[in-house]
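Here are my notes on the model you passed along. I have set them out as numbered points so that you can follow them with the structure open beside you.

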Amino acid sequence: MTGVHIIALVAALVTLTVIIELSRRSQLRTKYTVVWLLVGLVIAVFAIAPGLFNSIARGVGVKSPPNLLVVVAALFLLMVCVYLSWEAGRLEDKTRILAEEVAILREELEERAASAPSTATSPPGTGSGSTTG
């Protein structure tokens with residue numbers, strides 16, 4: 001095992017530890033936890049058995065395994081960016097709908113308050129209608 005493989009293994013173990021801790025503290029949703037745990041495990045497997053990645057690269061027809069690693073990593077990050085953009089757009093739509101609903105409810109509340117008969121806001125016995133003396 002070379003220095004690069006040791007660094008990759010340590011990075012994978014640190015990533016797995018951080019992901020597990022974030023999940024344990026409920027700071028990372030389950031669907032993201034699963035994805036990142038799989039990524040960490042795949043990195044750990046390839047760090048432990050570098051020949052496996054080299055065999056996959058040769059099987060796909062890539063002459064240099066690091067080139068395959070760069071392409072796969074870039075495609076994975078592209079997929080993450082597209083997914084997060086989709087998620088942000090979906091949340092933006094939900095936020096807009098909620099803001100519209102709040103505005104409608106606020107308007108209805110103001111209409112009800114304006115049409116309701118006015119009542120004294122002071123506690124009984126302290127208003128202008130009370131005569132003590």
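**Notes on the helices, their faces and their salt bridges**

1. The cover over the buried residues of α1 includes α2 (30-48). Contact is taken as heavy atoms within 4.5 Å, and buried means under 20% relative accessible area, exposed over 50%, and partly exposed in between (1.4 Å probe, protein chains only). Helices (H or I, at least four residues) and strands (E, at least two) are DSSP runs, numbered from the N terminus.

2. A word on the ground rules: this is a predicted model, in which local features need pLDDT of at least 70 and side-chain atom pairs count only at pLDDT 80 or more, while totals for chains, interfaces and linings use all residues. Residues are numbered from 1 along each chain as its sequence is written, and side-chain values use heavy atoms, with hydrogens and water left out.

3. Now the overall layout. The protein chain has four helices and zero strands, and along the sequence this reads α-α-α-α. Of the 133 residues in the protein chain, 11% are buried. Taking contacts between residues at least 6 apart in sequence, 52% join residues at least 24 apart. The protein chain exposes about 10500 Å², with carbon and sulfur atoms supplying 69% of it; accessible areas come from the Shrake-Rupley method with a 1.4 Å probe, and for residues only the protein chains shown count as cover.

4. Helix α1 deserves a slow look. It has 22 residues, and its first and last C-alpha atoms are 31 Å apart, close to the 32 Å expected at 1.5 Å a residue (the expected span being 1.5 Å times one less than the number of residues). Which residues of α1 are buried? They are Ala12, Leu16 and Ile19. These cover an arc of only 70° around the axis, so they sit on the same side of α1; the arc is that of the directions from the helix axis to the C-beta atoms. On the other side of α1, Ile7, Thr17 and Arg24 are exposed.

5. Helix α1 (residues 3-24) gives the largest share, four residues. Val10 belongs to helix α1 and is partly exposed, at a relative accessible area of 47%.

6. The structure holds five salt bridges, a salt bridge being a side-chain nitrogen of Lys or Arg within 4 Å of a carboxyl oxygen of Asp or Glu. Glu21 takes part in one with Arg24, where the closest N and O atoms are 2.6 Å apart. Because Glu21 and Arg24 are three residues apart in helix α1, about one helical turn separates them. Glu21 is partly exposed at 27% relative accessibility, whereas Arg24 is exposed at 58%. Glu21 also forms a salt bridge with Arg25, with the closest N and O atoms 2.8 Å apart.

7. Another salt bridge joins the side chains of Glu87 and Lys31 (3.9 Å, N to O). This pair links distant parts of the chain, with Glu87 in helix α4 and Lys31 in helix α2, 56 residues apart. Is Glu87 buried or exposed? Glu87 is buried, with a relative accessible area of 6%, while Lys31 is partly exposed at 36%.

8. One more point about Glu87, which is found in helix α4 (residues 65-115). Setting aside neighbours within four places in sequence, Glu87 is in contact with Lys31 and Tyr32.

9. Finally, please check the backbone at Ser26. Phi of Ser26 is near 60°, a positive value in a residue other than glycine. Most residues other than glycine have a negative phi. Ser26 is also exposed, with a relative accessible area of 64%.
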